Amino acid sequence: RRLVLWLLSTCLAATLFSAGHEAFHKGLPVAFLRHTAEGNIVRLKGCVPAPGIYRFPDDARVLAVINMTDPLLAGKVANKGVLETELQNGDIIEIVAKDPQHVGITMGRMKAKERILLCIPLDPNLMDFAEWDSLPGIGPGLAKSILIDRHKYGAFDSIESLQRVPGIGEKKLKALKKYF
């Protein structure tokens with residue numbers, strides 16, 4: 001019996017491996033064989049069956065998250081306009097139950113530390129004081145200078161534009177580049 005079960009499991013494993021290996025070489029997405037950096041990483045929280053961090057295709061919308069989580073929720077969403085919102089890297093989607101027949105969806109952004117842990121590039125134009133202050137080599141004084149500069153001179157064109165802030169030179173910029 002054990003030999004027969006072992007042979008059957010070996011055949012099944014070989015079949016799955018060869019099918020996955022063939023799909024991989026044809027360029028088809030195979031979830032268990034290939035890591036992909038494409039798509040947007042989104043955190044789902046609130047009253048959902050499976051809260052957590054998920055990766056969605058670049059063009060996915062909030063409706064895709066709802067359908068993945070609980071397809072019946074889409075009919076209960078009070079603010080239907082949010083369902084067509086396109087997902088961005090680092091979004092937080094929170095499902096809040098207003099009552100048994102209505103749910104609300106709120107959108108937010110992950111803080112810098114969480115984005116760094118998930119290898120999501122930071123955007124210097126969207127960061128607040130606390131996020132700048134949490135970066136290595138940036139203290140409260142430099143964080144304040146960055147925000148004052150951004151307010152006074154406008155958005156940063158690139159990470160290299162940070163050099164216009166007094167206190168950020170080549171060395172500090174090189175240390176910060178890996179986060180952006």
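**Stop 1: a residue in α2**

Start by selecting Val65, which sits in helix α2. Before going on, a word on conventions: this is a predicted model, where local features need pLDDT of at least 70, side-chain atom pairs count only at pLDDT 80 or more, and totals for chains, interfaces and linings use all residues. Numbering runs from 1 along each chain as its sequence is written, and side-chain values use heavy atoms, with hydrogens and water left out. Helices (H or I, at least four residues) and strands (E, at least two) are DSSP runs, numbered from the N terminus.

Is Val65 buried or exposed? At 1% relative accessibility, Val65 counts as buried (buried means under 20% relative accessible area, exposed over 50%, partly exposed in between, with a 1.4 Å probe and protein chains only). Now show what surrounds Val65: setting aside residues up to four places away in sequence, Val65 touches Leu44, Phe56, Leu87 and Ile93 (contact means heavy atoms within 4.5 Å).

**Stop 2: the aromatic rings**

The structure holds 2 aromatic pairs (rings of Phe, Tyr and Trp, the last by its six-membered ring, pair if their centres lie within 6.5 Å; planes under 30 degrees apart count as stacked, over 60 as edge-to-face and the rest as tilted). Tyr54 and Phe56 make a tilted pair, because their ring centres are 6.3 Å apart and their planes meet at 45°. Phe56 is buried at 8% relative accessibility, while Tyr54 is partly exposed at 23%.

Next, jump to Trp132 and Phe180. These two form a stacked pair, 5.7 Å centre to centre with 25° between the planes. The pair links distant parts of the chain: Trp132 belongs to helix α4 and Phe180 to the segment after α6, 48 residues apart. Colour by accessibility and Trp132 comes out buried, with a relative accessible area of 0%.

**Stop 3: the strands**

Switch to cartoon and pick out β1 (residues 40-46). How does β1 pair with β2? The two are antiparallel, over 5 bridges (two strands pair if DSSP finds at least two bridges between them). They form a hairpin with 5 residues between the strands, and Ile41 has Arg55 as its bridge partner in β2. β1 also pairs with β3, this time in parallel, through 5 bridges. There, Val42 stands opposite Asp91.

**Stop 4: two loop residues**

Select Asn89, in the loop between α2 and β3 (91-99). Asn89 is partly exposed, at 23% relative accessibility. Which residues does Asn89 touch, not counting those up to four places away in sequence? They are Gly39, Asn40, Ile41, Arg109, Arg115 and Ile120. Zoom in on Ile41: its backbone nitrogen lies 2.7 Å from a polar atom of the Asn89 side chain (a polar contact is a pair of N or O atoms within 3.5 Å; within protein, one must be able to donate a hydrogen and the other to accept it, and residues adjacent in sequence count only if both atoms are side-chain atoms). Asn89 and Val42 are 47 residues apart in sequence, yet 6.3 Å apart C-alpha to C-alpha.

Then select Arg61, in the loop between β2 (52-56) and α2 (62-69). Arg61 is partly exposed, with a relative accessible area of 32%. Leaving aside neighbours within four places in sequence, its contacts are Leu83, Glu84, Thr85, Glu86 and Leu87. A polar atom of the Arg61 side chain lies 3.1 Å from the backbone oxygen of Glu84.

**Stop 5: down the axis of α5**

Finish with helix α5, residues 140-153. Its buried residues are Leu142, Ala143, Ile146, Asp149 and Arg150. Look down the axis of α5: these buried residues fall within an arc of 125°, so they line one face of the helix (the arc is that of the directions from the helix axis to the C-beta atoms). The buried residues of α5 pack against α4 (129-134) and α6 (170-176). Turn to the face directed away from the buried side, and you find the exposed residues Lys144, His151 and Lys152.
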